[in-house]
Amino acid sequence: MATNIIEVKNLTKIFDVGTNQVEAVKGISFSVREGEIFGFLGPNGAGKTTTLNMLSTLLFPTSGTAKVAGYDINNEPDMVRKNIGMVFQEMSLDIDLTGKENLELHAIMYGVDKKTRNQRIMEMLEIVQLTDKANILVKNYSGGMKRRLEIARGLLHYPKCLFLDEPTLGLDPQTRRSIWDHIKKLNEEYGITIILTTHYMEEADALCDRICIIDHGEIIALDTSENLKGHLKGDTISLEFENFKALKKFEAKIKDFAGIHAIKIITPKTNMRQMLSKMAAIRAQMSGGKKPPAIMMDPAKHDAMSKMMRSLPTKMNIIIENGSEKVASLIKIANDSGIKIKSLTIKQPSLEEVFIHYTGRSIRDENGSRGATMREIMQRRMRSVM
Ligand SMILES: Nc1ncnc2c1ncn2[C@@H]1O[C@H](COP(=O)(O)OP(=O)(O)OP(=O)(O)O)[C@@H](O)[C@H]1O
Ligand SMILES: [Mg+2]
C-alpha cells in the first residue's frame, strides 16, 4: 500500500479584491499517493492554480493546512520547496538566455553544488531530449521545447514530486503527446509523483491515475477515470442487425436482461417522414373500409414498399452497466435465437460526460476566471520574493 506524499486538510484561500472577497479554494481535503500521477481537472477559475500555489508554498492559505513530502506548508516551507519541483502555468523562462544558462541560474538559486551542477544540468537536458539545443537562446525554442525546458528546470534538485500547472496549455496536439510521454517517463522510470492541472479531458484521461474534478473552489469528485465513468449510468453497446425483424426479435429476447438501463432504437432519418405519411395513408384507407390500397396490389409499388421496409430501423443502442462484461452473454442470446448481428461496438461514457454529470455544465464553458493577467502578475510577484 503506497504512502501518502501529500495530505491536504481543509485548505482555503480567500482573496481580497477591493471591498470584495473571492473564495478561490473552499476548504478542500484530499491526499496524493507516492508515485501516482494526480490531476486536477476543472474549468477556468476553478481554483486549480491557487491550490497548486498553496501546496508549493507560493501562496499562504487563508486557513487549513497540508503536508507535502512529510513537511507542513505553513511551518516548514523551505523543506517543502526542497522536495518539490514546479512548472508554472505561464512561461517563466528567460528568453534571452540559452536553455543551459536558464538551468544554471536555477541550479545556483537552489544551491546545487558547483561540482555536480554541470553534470546534473546535462542529465536533465537529456531526460527532456534537449541536449542538442542546450546552447540555443530560448527565444528561438518552440512552445514544446520551452515547456520541456521548464520541466527540466523543475527537476534539477531531484524533487520527490513535480507540480505541473497546465503542462500542455496552448500546445498543438502532437507536441502535447510528446509532453505526455515525458511526464509518463518521469513517473514510471524515475518514480516522481506528478501533480498536474488541466482543462483537457483527454489529458486527464491519458495521464492520471486519479482525477480530482474541481469547480468553484470545491472538489466535485475524486477517483480513477474508470470509476468516475462507472458512476454514470453505464456503457453504450451499439448493435446493427440484418433487418428490422431481427432487431425486434432481439429486443424481445433481452427484455429482462439484468443491468440494462435503456434500449434506444436508432431511427434512420432519411425516408422516415415519407414512410410515415404513406403508412398513415394506408391506415386511413383501411379504416374507411375501402379495398386495400394500390401500394399493396401493384407489383411495382411492392418494390417501393420493400424499399421502405429497408429504411426501417436496424440499429439499436443498449445502455447497460459494465458493458464489456455483458457483451458475451448478449451475443450468445442472439446466436441461440438465430439472430445475426452485423456489427457491435462498446463505448464508455467520456470524461466530458462525467464532468457534465457532476457539474451540470461543459468543461469548455468559461466563467469564474478573473483572467490570466491578474494571476500572472501575482505569480511573478510571489516568485520574486521566493
Ligand atoms: N491574486 C488573485 N487575486 C484575486 N483573485 C484571484 C487571484 N488569483 C486567483 N484569483 C481568483 O480565484 C479563482 C481561482 O483562480 P485560479 O487561478 O486558481 O483558477 P484556475 O482553476 O487555475 O483557472 P485557469 O484554468 O484559468 O488557470 C478565480 O476566481 C480567480 O479569478
Ligand atoms: Mg490555472
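In which strand is the place of Thr 345? Thr 345 sits in strand β14, residues 341-347. The model described here is predicted.

Contacts of Thr 345, apart from neighbours within four places in sequence, are with Thr 236, Ile 237 and Ser 238.

## Overall make-up

The protein chain contains 15 helices and 14 strands. It has 386 residues, of which 46% are buried.

Take the contacts between residues at least 6 apart in sequence. Of these, 73% join residues at least 24 apart.

## The magnesium site

Two residues supply the protein donors of the magnesium ion (ligand 2): Thr 49 through OG1 and Gln 89 through OE1. These donors lie 1.9 to 2.1 Å from the ion. The pair links distant parts of the chain, 40 residues apart. Thr 49 belongs to helix α1 (residues 48-55). Gln 89 belongs to the loop between β6 (84-87) and α3 (99-109).

Are Thr 49 and Gln 89 buried or exposed? Both Thr 49 and Gln 89 are buried.

## Helix α3 and its two partners

Helix α3 packs against α5 (residues 143-155). The two axes come within 9 Å and cross at roughly 25°. That angle is under 35 degrees, so α3 counts as roughly parallel to α5. On the α3 side, Gly 99, Asn 102, Leu 103 and His 106 make the contact. On the α5 side, Leu 149, Ala 152 and Arg 153 make it. The crossing of α3 and α5 is right-handed.

Helix α3 also packs against α4 (residues 114-127), at an angle of about 125° and with the axes 10 Å apart. At that angle, α3 is oblique to α4. The crossing of α3 and α4 is right-handed. From α3, the residues involved are Lys 100, Leu 103, Glu 104, Ala 107 and Ile 108. They meet Arg 117, Asn 118, Ile 121, Met 122 and Leu 125 of α4.

## Helices α5 and α6

How do α5 and α6 pack, and at what angle? Their axes are 10 Å apart, at an angle of about 15°. The two helices are therefore roughly parallel to each other. Residues of α5 in this contact are Gly 144, Arg 147, Arg 148, Ile 151 and Leu 155. Their counterparts in α6 are Thr 175, Ser 178, Ile 179, His 182 and Leu 186. The crossing of α5 and α6 is right-handed.

## Leu 186 on helix α6

Leu 186 lies in α6, which spans residues 173-190. With a relative accessible area of 1%, under the 20% limit, Leu 186 is buried. Its contacts, leaving aside neighbours within four places in sequence, include Ile 151 and Leu 155. Both are also on the α5 side of the α5 and α6 contact.

Ile 127 is 59 residues from Leu 186 along the chain. The C-alpha atoms of Leu 186 and Ile 127 are separated by 8.4 Å.

## Two positive phi angles

Most residues other than glycine have a negative phi. Ala 69 has a positive phi of about 50° although it is not a glycine. Ala 69 is in the loop between β4 (63-68) and β5 (71-72). Its relative accessible area is 15%, so Ala 69 is buried.

His 216 also has a positive phi of about 50°, and is not a glycine. His 216 lies in the loop between β9 (210-215) and β10 (218-223). Is His 216 buried or partly exposed? At 40% relative accessibility, His 216 counts as partly exposed.

## Cysteines

How many disulfides does a search of the whole structure find? The search finds zero. Cys 161 is buried, at 0% relative accessibility. Cys 212 is likewise buried, at 0% relative accessibility.

Key:
Residues are numbered from 1 along each chain as its sequence is written. Chains are lettered from A and ligands numbered from 1 in the order in which they are written. This is a predicted model: local features need pLDDT of at least 70, side-chain atom pairs count only at pLDDT 80 or more; totals for chains, interfaces and linings use all residues. Side-chain values use heavy atoms; hydrogens and water are left out. A disulfide is a pair of cysteine sulfur atoms within 2.5 Å. Buried means under 20% relative accessible area, exposed over 50%, partly exposed in between (1.4 Å probe, protein chains only). Donors are N, O and S atoms within 2.8 Å of the metal (3.2 Å for Na, K and Ca); water is not among the atoms, so sites may look incomplete. Helices (H or I, at least four residues) and strands (E, at least two) are DSSP runs, numbered from the N terminus. Axes are lines fitted to C-alpha atoms, for helices over the stretch in contact, and angles run from 0 to 180 degrees between N-to-C directions. Angles under 35 degrees count as roughly parallel, over 145 as roughly antiparallel, 65 to 115 as roughly perpendicular and the rest as oblique. A crossing is left-handed if the near helix is turned anticlockwise from the far one by less than a right angle, and right-handed if clockwise. Contact means heavy atoms within 4.5 Å.
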